[in-house]
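Work through the exercises below with the structure in view. Each task is followed by a solution in steps.

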Amino acid sequence: MSTTSSDPLSALGALPGVTDAVDSVRKAVDRVYGHRVMRRRSNEVTAEAALRGARGSAALSGADWNLEEVRRRTDFSGEDEARIVGAALRLTAEAGQLLSIWRQSPLRVLARLHLVAAGGATPDDAVGRPRLAGEPVDEPLVEAPLPDAGEVAGRLEGLSQLIIAGSAAPALVMAAIVHGELLALRPFGSHNGLVARTAERIVLIGSGLDPKSICPAEVGHAEQGRAAYVEAFEGYLSGKPEGMAAWIAHCGRSVELGVRESTAVCEALQRGAA
């Protein structure tokens, strides 16, 4: 698709710092895909990346468990942190099943993601639909003003049309914008951060940048820390070019850290240690 004035994301790809971030991410992704382990054991790398990505996303939502606890645990009911980790694991598993629907009906996918995340923990009539006027939102990490239900509906529709139309912007830019917009809107009563980070994952996979889902950005978001995540997100909320660029670069660095994690997994598999 050629870049035109009707492509609102095309200008973001040219912002100072964004081009460098895009190039850096592409080189990092190419390196891990070129690892010799990927030729014969890519399914194992994908599975490990999913586990580590879920752990990272849960950490940002307040359940910072160590990896071995996530791996060992079988019961994710009960306390709040266990439910958060369980939701993150379910979302990561679901993401790959929704790729064919995403480009045709992203709002349907988002509804499904919320349903999967809620897992029965939210009243039935509030699951899988954008919140109505006056309904509360449980998203303690994000303290930005909450858009009203009418604004949420309009912006969700705009985001949906943007995804369906496609963009000449790099995959990293699209993924960062989808992630940031969902975090800004907090369209559901709960689990918005988990859903936003899963949507970012879907864009990175579906765009072809990370088709085997081995570059978990969630790992990098968690590694950079909640404070850095919130600070970068505030740049997105500002709407200013430098703020948007900082958010996209932050997301790019998160992908690179996810690549580093999966490279370590490849090395461990090669040594027979994992």
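**Exercise 1.** Find which residues His221 is in contact with, leaving aside its neighbours within four places in sequence.

Solution. Step 1: locate His221, which lies in helix 10 (residues 217-224); helices here are DSSP runs of H or I with at least four residues, numbered from the N terminus, as strands are (E, at least two). Step 2: apply the contact rule, heavy atoms within 4.5 Å. Step 3: classify the residue. His221 counts as buried because its relative accessibility is 0%; buried means under 20% relative accessible area, exposed over 50%, and partly exposed in between (1.4 Å probe, protein chains only).

The model is predicted: local features need pLDDT of at least 70, side-chain atom pairs count only at pLDDT 80 or more, and totals for chains, interfaces and linings use all residues. Residues are numbered from 1 along each chain as its sequence is written, and side-chain values use heavy atoms, with hydrogens and water left out.

**Exercise 2.** State how many disulfides the structure holds, and find the nearest cysteine sulfur to Cys215.

Solution. Step 1: use the cut-off, a pair of cysteine sulfur atoms within 2.5 Å. The structure holds zero disulfides. Step 2: check Cys215, whose nearest cysteine sulfur belongs to Cys266, 9.5 Å away. Step 3: judge burial. Cys215 counts as buried because it has 3% relative accessibility, and Cys266 counts as buried because it has 0%.

**Exercise 3.** Determine which members of the largest nonpolar core touch the most other members.

Solution. Step 1: recall that a nonpolar core is a set of buried Ala, Val, Leu, Ile, Met, Phe, Trp, Tyr and Cys residues joined through side-chain atoms within 4.5 Å. Step 2: in the largest core, of 85 residues, the answer is Trp102, Leu110, Val178 and Val255. Helix 8 (residues 171-185) gives the most to this core, 12 residues. Step 3: look at Leu110. Leaving aside its neighbours within four places in sequence, Leu110 is in contact with Trp102, Leu156, Leu182, Phe188, Val195 and Ala199.

**Exercise 4.** Describe how helix 6 and helix 7 (residues 149-165) cross.

Solution. Step 1: the axes come within 9 Å and cross at roughly 120°; axes are lines fitted to C-alpha atoms, for helices over the stretch in contact, with angles from 0 to 180 degrees between N-to-C directions. Step 2: list the residues making the contact. Helix 6 supplies Pro106, Leu107 and Leu110, and helix 7 supplies Leu156, Glu157, Ser160, Ile163 and Ile164.
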